[in-house]
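Here are my notes on this one, as numbered points. Have the viewer open while you go through them.

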Amino acid sequence: MERRKLTPQGEERKAELLSKAAELFAERGYSRTRVSDIVKAAGVAKGLFYWYFDNKDALFNELIEDTSRKLRGAQADAVESIDDPLERIYLGTIASVQFVAEHHRLYALMQAESAENELLVKALRSTSELYAANIAAILRDGQKAGVVRSDDSPELLAWGVLGTVSYFAYFQRFAKLSTES
């Protein structure tokens with residue numbers, strides 16, 4: 001579907017559809033949630049749903065993209081005024097785990113759905129690659145500053161950080177960890 005230019009009201013309505021879909025997907029699962037359930041929860045006509053999305057799969061994929069944008073925003077907010085590369089990684093990691101904790105039901109659903117949804121697998125892979133690239137850039141800065149060993153590959157280290165965050169997020173999705181201090 002071609003991206004439409006939306007008014008502020010249209011953006012709000014679309015965000016409401018995404019929000020209600022996220023709630024219903026987390027509560028019922030993807031396959032047991034129908035478009036009619038989403039529009040009923042959002043209080044809109046079914047035709048309006050199709051103004052914004054081609055189908056439920058398109059909405060789900062946009063929900064993944066939207067969640068990824070919000071996660072990156074939470075990470076950026078956490079490290080905004082921090083110069084030290086290791087502190088940036090630490091605080092970004094904490095923000096990531098807390099974000100997943102707050103959205104653990106949605107993340108559990110994404111994990112379950114990724115087994116059968118190739119588009120979701122691609123979206124999750126793309127998000128992971130972007131995260132690793134961002135961490136690698138911070139690690140390169142740390143190598144230049146002399147706070148990260150320069151004989152280690154920043155890309156390899158970045159994937160290690162991603163693995164650690166993913167492991168914490170895995171447990172967080174199932175509410176097995178507390179992120180409170």
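1. Let's start with Phe-25, which sits in helix H1. Keep in mind that this is a predicted model. Is Phe-25 buried or exposed? Its relative accessibility comes out at 1%, and the cut-off for buried is under 20%, so Phe-25 counts as buried.

2. What does Phe-25 touch, once neighbours within four places in sequence are set aside? The partners are Tyr-30, Thr-33, Ile-38, Lys-56, Leu-59, Phe-60, Leu-63 and Leu-109.

3. As background, nonpolar side chains tend to be buried together in soluble globular proteins.

4. Leaving out neighbours within four places in sequence, Phe-49 is in contact with Leu-17, Val-35, Val-39, Asn-55, Lys-56 and Leu-59.

5. Now for H2. Its buried residues are Val-35, Asp-37, Ile-38, Val-39 and Ala-42, and they pack against H1, H3 and H4. After H2 comes Gly-43, with a positive phi near 70°.

6. Which residues of H6 are buried? Leu-106, Tyr-107, Leu-109, Met-110, Glu-113 and Ser-114 are. They span an arc of only 160° around the axis, so they lie on the same side of H6. The general rule behind this kind of pattern is that an α-helix has 3.6 residues a turn, so residues three or four places apart point the same way.

7. Last, the H5 and H7 pair. These helices pack at about 155°, and their axes are 8 Å apart. Angles over 145 degrees count as roughly antiparallel, so H5 is roughly antiparallel to H7. From H5, the contact uses Pro-85, Arg-88, Ile-89, Thr-93 and Ser-96; from H7, Tyr-131, Ile-135, Ile-138, Leu-139, Asp-141 and Gly-142. By type, the residues of this contact are 6 nonpolar, 3 polar and 2 charged.

Definitions and conventions. Residues numbered from 1 in each chain as written. Predicted model: local features only at pLDDT ≥ 70, side-chain atom pairs only at ≥ 80, totals over all residues. Heavy atoms only, no water. Contact = heavy atoms within 4.5 Å. Buried < 20%, exposed > 50% of the residue type's maximum accessible area, 1.4 Å probe, protein only. Helix = DSSP H or I, 4+ residues; strand = E, 2+ residues; numbered from the N terminus. Arc of directions from axis to C-beta. Axes fitted to C-alpha atoms, helices over the stretch in contact; angles between N-to-C directions. Parallel < 35°, antiparallel > 145°, perpendicular 65-115°, else oblique. Nonpolar A, V, L, I, M, F, W, Y, C, P; charged D, E, K, R; others polar.
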